[in-house]
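Hi,

Here is the structure we talked about, for you to open up and look around in. My notes on what turned up follow below.

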Amino acid sequence: MSDIGTQIQHFFRHRQRAAIALVCAVLVVFVLGILIASGRYPVMVVNGTFISSARFEKNYASAAILHNNQLKINAESPDTLEVLKRVTPAELGANVLDTLVAAALVERGAKREVGSELSELVQARIGELASDPQLQRGVQTLYGMGYADFRDEVLVPVAEHDILAGRLYQRGQSYEQWLAGERKQASVYIFSSRFRWDGEKVVAQ
């Protein structure tokens, strides 16, 4: 054991750059292992904003529940039911990722418009909903989400959208045109072979 210890000391003393690189590599592998185990590794990056696999899976599960509920609700509407039945799991996943792209772009745009006031403005729009027990029960049934997740993944993005759209409207600018422009300029990287960014939206492979 002493010989091994001596060799390690010699390595670190005389090959400092290689030793530092080795330590960094070990740390990176260790951190990646923790992230993968916790489901927090990135599945997508939107303009530098990381979207974790855990967040994607949570939203996908909710979208699948909502889709199944829509199938039941439209059981007596053949045309609508046929359209819903044609949605594949891959298309559903692409739609979830694309919604997360839009949410990231909207949050960034809203922050540019109102700055540090954004959090306060969002809270003013959704604050009263937190004390509505009927809403919370409905959210769990329809989306399969607890209220906290529903607030973060649905209510907050909707509030940010409304705030941004209102500011754009005041300047005579269409939200749809703004979003289309932001999509074309966005830097989006997807770390999954099942999906890709086509320059304007997420599509299934």
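**Salt bridges**

Lys111 and Glu107 form a salt bridge, with their closest N and O atoms 3.4 Å apart. For this term, a side-chain nitrogen of Lys or Arg has to be within 4 Å of a carboxyl oxygen of Asp or Glu. The two residues are 4 apart in helix α5, so about one helical turn separates them. Helices here are DSSP runs of H or I with at least four residues, strands are runs of E with at least two, and both are numbered from the N terminus.

Before going on, some housekeeping: this is a predicted model, so local features need pLDDT of at least 70 and side-chain atom pairs count only at pLDDT 80 or more, while totals for chains, interfaces and linings use all residues. Residues are numbered from 1 along each chain as its sequence is written, and side-chain values use heavy atoms, with hydrogens and water left out.

Back to the pair. Lys111 is partly exposed at 46% relative accessibility, and Glu107 is partly exposed too, at 30%. The cut-offs are under 20% relative accessible area for buried and over 50% for exposed, with partly exposed in between (1.4 Å probe, protein chains only).

Over the whole structure, the search finds 10 salt bridges. One of them joins the side chains of Glu153 and Arg55, at 2.9 Å from N to O. That one links distant parts of the chain: Glu153 sits in helix α8 and Arg55 in helix α3, 98 residues apart. Glu153 is buried, with a relative accessible area of 13%, whereas Arg55 counts as partly exposed at 25%. Both belong to a network of salt bridges that links Arg55, Lys58, Asp149 and Glu153.

Glu82 and Arg86 also meet in a salt bridge, at 3.9 Å from N to O. Here Glu82 is partly exposed at 42% relative accessibility, and Arg86 is exposed at 52%.

**Pockets**

How big is the largest pocket? Its volume is about 500 Å³. A pocket here comes from a 1 Å grid over the protein atoms alone: it is an open set of points where a 1.4 Å probe fits, with protein on both sides within 12 Å along at least five of seven lines, and lining residues have an atom within 4 Å of a point. Grid points are joined across faces, edges and corners, and the volume is the space filled by probe spheres set on the points.

The lining of the largest pocket has 23 residues, and Asn59, Asn95, Thr99, Glu153 and Val154 lie nearest its centre. So the buried Glu153 turns up again, this time among the residues nearest the centre of the largest pocket. Helices α3 (53-73), α5 and α8 (147-170) each supply at least two lining residues, and α5 gives the most, with 8. By type, the lining divides into 14 nonpolar, 7 polar and 2 charged residues.

**Asp98**

Asp98 is in helix α5 (residues 89-114) and is buried, at 15% relative accessibility. Leaving out residues up to four places away in sequence, Asp98 touches Arg183, Trp197, Lys201 and Val202; contact means heavy atoms within 4.5 Å.

**Aromatic rings**

Phe56 and Tyr60 have ring centres 6.0 Å apart and planes at 40°, so they make a tilted pair. Both lie in helix α3, 4 residues apart, about one turn of the helix. Phe56 is buried at 3% relative accessibility, while Tyr60 is partly exposed at 22%. Phe56 also pairs edge-to-face with Phe195, at 6.1 Å centre to centre and 70° between the planes. Together, Phe56, Tyr60 and Phe195 form one aromatic cluster.

Cheers

Definitions and conventions. Ala, Val, Leu, Ile, Met, Phe, Trp, Tyr, Cys and Pro count as nonpolar, Asp, Glu, Lys and Arg as charged, and the others, Gly among them, as polar. Rings of Phe, Tyr and Trp (its six-membered ring) pair if their centres lie within 6.5 Å; planes under 30 degrees apart count as stacked, over 60 as edge-to-face and the rest as tilted.
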